[in-house]
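Take a look at the structure shown here. The paragraphs below walk through a few of its charged pairs and then one of its helices.

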Amino acid sequence: MDRNELPDTKSARVDWVIRAETNQEMRRRYDLWAQDYDGDVGSYEDYLVPYEATKVATRILEKDALILDAGAGTGLVGQALKEAGFHRLIAVDYSEGMLDVARKKQVYETVRQCDLSRPTSFENGSIDCVITCGTTSQMPCASLREFARIVRPGGHVIFAVVPDPWVECGYAEVLSELEAAGKISVKCRGDSFQMLPTTEPEFFCEIWVMDVH
Ligand SMILES: C[S@@+](CC[C@H](N)C(=O)[O-])C[C@H]1O[C@@H](n2cnc3c(N)ncnc32)[C@H](O)[C@@H]1O
């Protein structure tokens, strides 16, 4: 692994990862970025999404809910959830480099490497809530079908939605399909906020809550 390949500034690193042209290349770039990720976006001032998503989780979930953090990365969402009192946390991500950092934080019961572009081994209805932050333009939209399958009826998906990629990457279409099949419905859409105010001030995000039926 050649860390010299990493761009020099944090803004350039964010851009470099987002612009990877294939799934494989993006994973490789996350592996390379992993050790610097928290230094670049790990503070509240730099990246609000884990904290905003955790506020929503605190409003709608019991503290003993089993929560799967999809695209968990280095575990920033798990850290925020743990600080808020949640303790049954599972991390999944396809980058081993990112998960290595997450493991060291010891906030997850389980840390599992898994590519969410494929079906997972989680049982139907075995999870109370999937939470996913910073993933809209990256994880394939088929992952939403998988979330609807593994979350129990009455459970939730908390999704930090970036509106343009939500449509461009096909999530809006998959959501319509799942709504028409009566599997999922959008319960609320939070206010829009700057997700990376210091590095990418033009990127906005909304926290959506979906109910699984
Ligand atoms: C911007 S990071 C967000 C990490 C963390 N959720 C956070 O908010 O800090 C996006 C994460 O999604 C993961 N990811 C992207 N595509 C994925 C896929 N197909 N399967 C699993 N993880 C994926 C990346 O490895 C990366 O860790």
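This is a predicted model: local features need pLDDT of at least 70, side-chain atom pairs count only at pLDDT 80 or more; totals for chains, interfaces and linings use all residues.

Asp46 is buried, because its relative accessibility is 10% and the cut-off for buried is under 20%. Lys10 sits in helix 1, while Asp46 belongs to the loop between helix 2 and helix 3 (49-60), so the pair ties together parts that are 36 residues apart in sequence. Lys10 counts as partly exposed, at 26% relative accessibility. Why can such pairs form? Side chains of opposite charge can pair when their charged atoms come close.

How many salt bridges does a search of the whole structure find? The search finds 14. Another of them joins Arg19 and Asp15, whose closest N and O atoms are 3.0 Å apart. Arg19 is exposed, at 57% relative accessibility. Asp15 is partly exposed, with a relative accessible area of 27%.

Now turn to the strands. Arg189 forms a salt bridge with Glu206, and here the closest N and O atoms lie 3.2 Å apart. Arg189 is in strand 6 (residues 184-189) and Glu206 is in strand 8 (residues 200-212), so this pair ties together parts that are 17 residues apart in sequence. Glu206 counts as buried, at 11% relative accessibility. Salt bridges can also share partners. Glu5, Glu25, Arg28 and Arg29 are joined into one network in this way.

Arg29 leads on to helix 2, where it is one of the buried residues. Helix 2 covers residues 23-41. A straight helix of 19 residues would span 27 Å at 1.5 Å a residue. Helix 2 spans only 22 Å between its end C-alpha atoms. Where does helix 2 bend? The bend is at Ala34, and its angle is about 65 degrees.

Ala34 is itself buried. Other buried residues of helix 2 include Met26, Tyr30, Asp31, Leu32 and Trp33. Tyr37, Asp40 and Val41 are buried as well. What do the buried residues of helix 2 pack against? Their partners are helix 1 (10-18), helix 4 (76-83), helix 5 (96-105) and strand 7 (193-196).

Definitions and conventions: Residues are numbered from 1 along each chain as its sequence is written. Side-chain values use heavy atoms; hydrogens and water are left out. Helices (H or I, at least four residues) and strands (E, at least two) are DSSP runs, numbered from the N terminus. The expected span of a helix is 1.5 Å times one less than its number of residues. The bend at a residue is the angle between axes fitted to the seven residues ending there and the seven starting there. Buried means under 20% relative accessible area, exposed over 50%, partly exposed in between (1.4 Å probe, protein chains only). Contact means heavy atoms within 4.5 Å. A salt bridge is a side-chain nitrogen of Lys or Arg within 4 Å of a carboxyl oxygen of Asp or Glu.
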